[in-house]
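Student: Could you walk me through this complex before I set anything up with it? I'd like to begin with the overall picture and then go into local details.

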Amino acid sequence: MQPVTTINNESALRTVQPAEVGPRQSHSRSRILIGLCIVGLVAAGTVASFLPRPSPVFPASSAQPQFMLINGAAQPDGEHLVAAGELGHLFHSKGVGQPWSEATVAPRRGSTLTQVFFADKSLGLAVGHDNWILRSEDAGLSWQEAHFDAEAAEALMSVWGSARGPLFATGSFGRLLVSGDRGKTWQPRDTDLGDRHFYGIAGHGQQRLMLVGETGLVARSDDGGQSWQRLPDFYNGSFFGLIALSASDWLVYGMRGKVFRTNDFGESWREIDADTALSLYGGTRTRDGRIVLVGEGGVVTQSGDGGLTFKRLSDGGGSSLSSVAELADGRLIFTGQSGISVPGAPAASPIP
Amino acid sequence: MDNNKNAQMVDRCADLLMAHRRWLLLLFILLTVVFAATATRIKLDPGFYKMIPLQHPYMQTFTEYQKAFPGANRVLVNLRWKGEGDIYNVQFLKALREATDEVFFIPGVDRTRVSSLFTPDTRFIEVTEQGFYGDVVVPAKFGGTEQDLATVRRNVARSGVIGRLVQSDLRGALIRADLQEINPETGDKVDYIEIAKALDAVRAKYASEQIEIDIIGFPVLIGDIISGLSGVFGFFLLAFVITTVLLFAYCRSLRLTLLALVVALLPVIWLLGLLPLLGYGIDPMSILVPFLIFSIGVSHAVQMTNAWKLEVLAGADSLAAAHSSFRRIFVPGALALLANALGFAVIMRIEIDSVRELGITACLGVLLMIITNKMMLPILLSGMRLENSAHRTRTAGGKRHPFWWKLSAVTNPATALLVAVVCLGLLGLGIAESRKLVVGDIGSGAPEFRDDSRYNQDNASIVGSYAIGVDVLSVVVEAKGFEGDACLHYSVMDAVDRFATFMRGVHGVQSVVSVPDMAKVGISANNEGNPRWAALPRSSQALQQGAEAYNPDLGMNTQGCTAMQVLIYTRNHEGATLHHLTSEIKRFIAEQPKDNEAGRAVEFRVADAFRLAGGNAGVMAATNEAVEHAEVEMLVAIFGAITLMCFLMFRSWKAVLCIIAPLAVVSVLCNALMAVLDIGLKVATLPVVALGVGVGVDYGIYLFERVKHQIEHEGQDLRMAFYEAMRQRGTAAIFTAVTMSVGVATWAFSPLKFQADMGILLAFMFLVNVFGAVLLLPALACWLNVGGERSASKLHAVSPSA
């Protein structure tokens with residue numbers, strides 16, 4: 001095509017080479033069609049670009065023990081970990097440092113659990129508010145309800161027993177529940193100890209048991225929990241737990257760092273300096289004989305001599321601890337208001 | 001014919017303008033003087049609520065409950081002990097006490113909501129055999145003895161403020177203060193700039209070798225933005241100098257250079273003068289508008305002076321040249337400006353006041369330019385004489401400009417197809433990248449500043465030292481129609497408790513604070529602090545134990561718990577995180593049962609009661625949602641408006657497609673660039689596409705108008721017409737693109753990140769749009785057979801007679 005070079009030249013049109021009109025029109029039509037295709041692609045592309053953009057994928061939300069109150073942890077088979085806490089959450093993990101996942105709980109009641117206990121490698125019991133008792137026979141992977149009573153407005157605080165013998169659960173307002181069938185059914189037992197809160201129960205062998213509770217309550221049983229004898233008060237604050245060191249040596253602990261020890265199954269008591277004035281809510285004895293107590297503000301105090309003297313390992317000032325237990329490898333697992341911690345272990349990857 | 005009528009009207013306007021040029025000039029000068037005088041009254045006008053999309057449902061909740069639950073507008077002053085040991089020493093505690101007092105007395109601070117170790121709301125609870133008692137952590141008779149310090153240390157440990165008011169490592173302590181929007185004493189709006197100054201004074205007074213002070217919060221943010229803005233004038237100057245140099249290099253005439261600069265400055269002066277008269281100030285967000293107006297002003301002045309110069313070079317006298325350049329430029333120029341104005345007007349649709357003000361200021365500025373640039377400039381030109389220097393550079397008339405002629409080859413079908421394919425390829429890449437664009441902020445810290453700014457360093461230092469962050473999203477739970485105190489109803493408290501627990505397991509949540517959490521602390525405290533008691537009992541009577549937590553003074557619930565808030569501290573305020581959080585919250589709400597097992601309606605329906613969202617993160621989430629929502633709406637509006645305008649002007653769908661398609665490609669590329677540069681789509685960057693498209697359409701309109709004119713009036717074919725268009729307007733268009741890009745690109749060095757982001761993106765838009773207009777536009781014109789039909793039909797009409 002000869003380009004037009006002059007401006008304002010009326011004859012310019014004549015320099016355009018004439019051609020047959022028909023094919024020219026069809027040619028221009030197909031050309032426009034291509035043009036429209038290009039524009040169409042641009043339009044489609046633009047629309048595609050501005051369509052709602054995909055939002056980035058985040059890990060799925062799941063309840064995590066480190067973000068809630070955990071009141072008890074256990075390692076039933078020396079490998080798997082189980083933890084019980086707030087709002088009826090039960091967790092299990094394949095081991096220290098492994099991610100936690102929620103155990104199946106049927107039915108979910110949402111009552112806060114206060115203690116988890118394994119009578120053997122597979123039989124687990126978890127107790128909590130509303131007299132809720134859950135039972136597991138698979139080392140804590142799944143849990144079934146064994147007892148629940150929301151009407152009473154009571155809370156179970158402690159559970160102890162053996163897989164062969166009776167199992168005991170104690171709780172608020174003098175509640176003592178007993179099971180003779182590996183925790184499948186539970187019956188209340190009258191103790192004549194009044195309606196003070198029972199915070200802890202423990203035993204040694206088949207016969208000797210002791211329970212502690214509110215306002216200095218300490219009671220013992222030497223007939224496997226059939227009958228209970230209240231011991232004379234020696235402290236007016238509450239005891240939150242106890243440890244059976246031997247048939248005659250027992251240690252009770254409670255508020256404001258109070259620790260008392262007996263070497264005659266409760267006939268006489270001696271106050272021990274726990275090296276803290278903060279309340280102690282949980283404790284354990286390790287296989288090598290150390291006694292570790294934990295409590296208010298995250299205080300940790302330890303005895304290397306069977307509970308005669310204590311040395312504080314960690315100050316308070318943080319969040320409170322509710323329990324401590326020893327793992328198969330000798331490390332300690334702590335639970336409390338900030339979930340679970342195993343000092344010296346890599347942190348569990350937060351979300352699986 | 002329509003076009004003829006239009007042309008006649010423009011002619012008449014030109015006649016009128018030239019006839020009355022003397023007194024019009026006088027009027028314009030007078031106006032300039034008046035506006036220059038009023039412009040001195042212009043003030044910076046920052047405001048917290050101006051940056052919030054108040055129409056968004058989240059913000060409805062936010063404003064409804066902001067009295068009951070203040071805290072979104074919060075200042076944190078952290079004193080960090082750099083000496084030996086921890087904060088429990090006389091020197092530090094003295095500084096903390098005095099600094100607390102000073103913060104307390106800053107006007108605009110809500111004095112009931114100042115917290116530090118020295119305020120009466122910081123208490124500890126001690127459990128004893130007789131019960132428990134509480135007191136302030138620093139005893140009234142604190143004298144600074146070793147024993148006193150030990151007491152404070154113990155009390156603080158028991159008060160639970162470690163991680164909240166005291167650094168987790170005990171080496172710093174915080175003063176937390178909430179601000180009011182209106183000062184109740186004076187009834188005036190709180191002056192953030194004054195607060196920022198007062199806080200700076202606190203920093204200056206108490207910072208020492210041993211104590212470091214970090215301050216964050218909205219007023220500090222505004223203060224730092226304003227000091228960052230002072231650099232703006234430097235950038236303005238730089239842009240001005242660069243523009244001057246480029247202008248002179250382009251037109252080789254000092255007079256024309258000065259004239260263009262003056263004329264480009266006029267709308268800026270008029271705008272700054274008009275704003276105070278209309279009751280507006282300059283929002284920090286809109287501070288860039290004067291630049292933009294100046295740049296656009298230069299670009300239009302160049303088009304006009306260039307047209308005038310061509311006329312003068314062709315032998316016309318100044319007056320005739322001014323007359324004819326008005327005739328030629330007024331319609332496309334005014335139309336282009338209207339398109340700009342439309343682009344900015346579209347921004348006003350975003351329901352965030354500071355963005356709306358940006359739209360209003362920019363829109364107004366551009367409309368003023370129609371007067372200054374299209375009317376005043378021809379008048380000034382009519383009285384000018386072109387220097388000889390400008391004459392010399394002209395190539396002899398009639399000879400083809402080799403570059404433009406080569407460029408016009410893009411109208412050859414093969415080249416055009418190549419250009420189109422390349423553009424489509426770029427578009428494809430752009431689409432892939434642009435899908436990665438994120439709404440909201442990217443990275444941590446205040447998005448207004450760069451990561452290494454003092455504010456963001458302070459921010460990082462505070463966030464790193466405390467368990468609670470500074471980014472909080474709050475959910476309001478309404479519990480209406482309950483008998484007595486709703487906090488004593490297990491169904492209500494349990495729902496909130498479960499929600500709080502759920503949120504703790506959501507990725508991106510740092511911590512959660514709720515009324516049930518505090519109630520559980522109270523219930524546990526009532527039971528000797530035993531954590532095993534920290535659970536919600538099912539009876540109202542037992543819930544009474546947590547009564548301390550239901551105190552409305554704590555700011556977590558209203559009287560009677562008809563409403564309570566759940567505070568969700570987030571790990572960051574990235575757009576993606578906030579989006580994830582809000583969608584998880586909505587999912588939780590949706591999943592709650594409406595009926596119980598018996599099929600009856602539950603006592604407390606979560607879906608009716610939980611309302612998003614307050615807190616600064618709530619504001620950001622709402623802003624992000626508003627921005628995301630506005631993006632598409634804005635694009636549809638601006639492209640729709642431009643389409644309509646182009647259609648009205650050219651009466652040709654081909655023209656519309658030729659002009660719009662390149663703009664669409666560039667918009668996609670702009671989004672892709674944002675994704676590549678990690679710039680999020682947010683309040684500051686959302687207007688960029690609209691601004692870019694609004695300004696970018698100029699090139700297309702100017703060029704296409706000439707192409708059309710050449711084809712219709714001169715009977716040229718497309719290539720010739722495009723060559724002519726480029727010869728007459730192309731240089732000016734490219735020059736304009738370069739000047740404007742350089743002008744806005746200087747912002748890239750701004751200490752303010754939002755300015756830098758805007759600068760980079762606008763520079764990109766301005767520059768790349770011109771490529772779209774000179775390459776893709778003619779290529780499309782070729783394949784859409786622009787001009788082809790006409791020559792064919794003319795041929796058809798002519799040939800029988802031939």
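**Contacts and confidence**

Tutor: Within chain B, of the contacts between residues at least 6 apart in sequence, 77% join residues at least 24 apart. Please keep in mind that this is a predicted model.

Student: OK, what confidence does the predictor give the complex, in ipTM and pTM?

Tutor: The complex receives an ipTM of 0.88 together with a pTM of 0.84. For chain B on its own, the average pLDDT is 85, and 96% of the residues score at least 70. Residues 792-802 of chain B have a pLDDT below 50, and that stretch makes 8 contacts in the model beyond near neighbours in sequence.

Student: And how many helices and strands does chain B have?

Tutor: Chain B contains 26 helices and 10 strands, and its C-alpha atoms occupy a box of roughly 120 × 65 × 40 Å along the principal axes. Of its 802 residues, 55% are buried.

Student: Which domains is chain B divided into?

Tutor: Domain 1 of chain B is made of 407-436 + 652-787, while domain 2 covers 471-620. Taken over C-alpha atoms, the centres of domain 1 and domain 2 of chain B are separated by 53 Å.

Student: Switching to the interface, how many residues does each chain put into the contact?

Tutor: Chain A contributes 66 residues to the contact and chain B contributes 66 residues. On the side of chain A that touches chain B, the elements giving two or more residues are helix H1 (12-15) and helix H2 (21-50) of chain A, and H2(A) provides the largest share, 17 residues. Sorted by class, that side of chain A has 33 nonpolar, 27 polar and 6 charged residues.

Student: What does UniProt place at residues 142-296 of chain A?

Tutor: An unreviewed UniProt entry places the feature "domain: Photosynthesis system II assembly factor Ycf48/Hcf136-like" there, at residues 142-296 of chain A. In the model, the span 142-296 of chain A is 0% helix and 48% strand, and its end C-alpha atoms lie 31 Å apart.

Student: Is Arg182(A) buried or exposed?

Tutor: Arg182(A) is buried, because 20 other C-beta atoms lie within 10 Å. Phe265(A) has 18 C-beta neighbours inside 10 Å, so it counts as partly exposed.

Student: Last topic: where are the cis peptide bonds?

Tutor: One cis peptide bond joins Ala106(A) and Pro107(A), with omega about -10°, and Pro107(A) is placed in the loop between strand E5 (104-106) and strand E6 (113-118) of chain A. Another cis bond runs from Leu612(B) to Ala613(B), with omega near -5°, and Ala613(B) lies in strand E10 (residues 610-614) of chain B.

Definitions and conventions:
Residues numbered from 1 in each chain as written. Chains lettered and ligands numbered in written order. Predicted model: local features only at pLDDT ≥ 70, side-chain atom pairs only at ≥ 80, totals over all residues. Domains from an automatic or database assignment. pLDDT = per-residue confidence, 0-100. Contact = placed C-beta atoms within 7 Å. Helix = DSSP H or I, 4+ residues; strand = E, 2+ residues; numbered from the N terminus. Nonpolar A, V, L, I, M, F, W, Y, C, P; charged D, E, K, R; others polar. UniProt positions renumbered as here; feature names shortened; annotations may be inferred. Buried ≥ 20, exposed ≤ 12 C-beta atoms within 10 Å, placed from the backbone.
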